[in-house]
Amino acid sequence: MMAASTKLSSFRLPPLPTIGEIIKLYKLRAEKQLSQNFLLDLRLTDKIVRQAGCLRDAHVCEVGPGPGGLTRSILNAGATDVLVVEKDTRFISGLKLLSEAAPGRVRIVHGDILTYRMDRGFPDTISKPWDGDPPNLHIIGNLPFNVSTPLIIKWLENIADRTGPFAFGRTQLTLTFQKEVAERLTASTGSKQRSRLSIMAQYLCTVNNCFTIPGRAFVPKPKVDVGVVHFTPLVQPQIQHPFKLVEKIVRNVFQFRRKFCYKGVEKLFPEASRFELTQKMLQSADVDPTLRPTELTIPQFRALADAYAHLCMHEPSLLHYEFREELRLAKQGNKPEDTFIMDEKLNTNKNGKARAAH
């Protein structure tokens with residue numbers, strides 16, 4: 001027991017200036033336009049890191065480390081290789097100080113996580129088969145609010161394609177979001193927070209809303225509380241179709257979240273064949289058209305995806321059809337009186353006669 005505690009204590013960092021002192025030392029200030037909020041309480045950063053599971057000898061990519069509070073907790077948890085990706089130049093000096101305190105354990109990338117190629121950031125030797133245990137690689141981050149949603153959508157697409165961080169296997173993520181976004185990501189069928197994000201995250205991952213951090217724990221204090229969310233990619237996605245096809249269906253259905261679900265399904269199809277194809281898709285999927293989007297289960301979305309993919313197989317142009325593009329063309333055609341009708345140019349045949357709606 002004594003030997004174990006000695007080994008654990010060897011993970012601890014040497015004495016360093018506190019995060020508050022680092023902020024003063026380098027005259028750091030959270031930038032409002034970058035949605036930055038610092039977490040100074042190391043008990044809370046330790047608690048976030050614990051949600052990731054055991055980090056002993058782990059490889060970790062930390063997103064947006066800022067002054068490095070979460071980075072310290074990751075190092076103290078025993079990670080041997082911590083790659084930090086920081087876009088803001090002002091934080092690099094403080095991170096270098098941390099890197100010197102943990103020789104060989106911290107790598108600093110000055111860059112944007114939205115474009116950084118994480119699949120090149122770690123050795124191939126850490127890879128695990130997709131149907132095996134997750135690799136000893138973790139993504140952890142106290143994300144700026146303005147980047148959190150586009151980033152998780154990007155990573156969900158990477159999970160579906162097994163690219164980027166998921167080229168190594170079912171890499172786990174532990175991330176912070178605005179409380180409302182965290183609730184959407186984990187919302188169950190029928191709940192008020194059920195949304196596009198709920199479906200996209202849950203058809204690909206096991207998603208847990210771990211705990212909530214009050215806004216007052218951050219500097220400066222945001223107007224909202226913050227949720228910590230943990231994701232583990234599923235061995236088999238609950239919907240077996242390309243990410244973009246699933247995303248298109250879910251996006252269309254949820255654009256009218258208070259209306260019956262058929263209203264959103266309709267917008268998958270051009271106006272000329274809208275009624276017929278909507279009926280065909282809903283009947284084939286055996287989905288009640290009067291259910292609200294929030295009431296649809298993931299198996300029902302899977303049935304809708306199966307039905308839509310079948311229709312697209314017979315009519316490939318449907319895949320590229322976008323209702324909003326039709327709307328834009330209609331507006332250009334100066335038809336404000338009915339924004340749902342296609343520009344007549346799109347609806348006429350070679351003889352110049354309007355096509356009959358089926």
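These exercises work through a predicted model of one protein.

**Exercise 1. What is the mean pLDDT of the protein, and over which residues is the pLDDT below 50?**

Solution. 
- Start with the whole protein. The mean pLDDT is 87. A value of 70 or more is reached by 83% of the residues.
- Go to the start of the numbering. Residues 1-9 have pLDDT below 50. Beyond near neighbours in sequence, this stretch makes two contacts in the model.
- Now take residues 334-358. Their pLDDT is also below 50. This stretch has 35 contacts beyond near neighbours in sequence.

**Exercise 2. Describe the protein by secondary structure, burial and contacts.**

Solution. 
- Count the elements: 14 helices and nine strands.
- Check burial. Of the 358 residues, 49% count as buried.
- Take contacts between residues at least 6 apart in sequence. Of these, 68% join residues at least 24 apart.

**Exercise 3. At what angle do helix 11 and helix 12 cross, and which residues meet?**

Solution. 
- Locate the pair. Helix 11 spans residues 274-285 and helix 12 spans residues 298-314.
- Read the geometry. The axes come within 8 Å and cross at roughly 130 degrees.
- Classify the angle. Helix 11 is therefore oblique to helix 12. Roughly antiparallel would need an angle over 145 degrees.
- List the residues. Helix 11 brings L277, K280, M281, L282, S284 and A285. They meet A303, L304, A307, Y308 and L311 of helix 12.
- Sort by class. The contact has nine nonpolar residues, one polar and one charged.

Key: Residues are numbered from 1 along each chain as its sequence is written. This is a predicted model: local features need pLDDT of at least 70, side-chain atom pairs count only at pLDDT 80 or more; totals for chains, interfaces and linings use all residues. Side-chain values use heavy atoms; hydrogens and water are left out. pLDDT is the predictor's confidence in each residue, from 0 to 100. Contact means heavy atoms within 4.5 Å. Axes are lines fitted to C-alpha atoms, for helices over the stretch in contact, and angles run from 0 to 180 degrees between N-to-C directions. Helices (H or I, at least four residues) and strands (E, at least two) are DSSP runs, numbered from the N terminus. Angles under 35 degrees count as roughly parallel, over 145 as roughly antiparallel, 65 to 115 as roughly perpendicular and the rest as oblique. Ala, Val, Leu, Ile, Met, Phe, Trp, Tyr, Cys and Pro count as nonpolar, Asp, Glu, Lys and Arg as charged, and the others, Gly among them, as polar. Buried means under 20% relative accessible area, exposed over 50%, partly exposed in between (1.4 Å probe, protein chains only).
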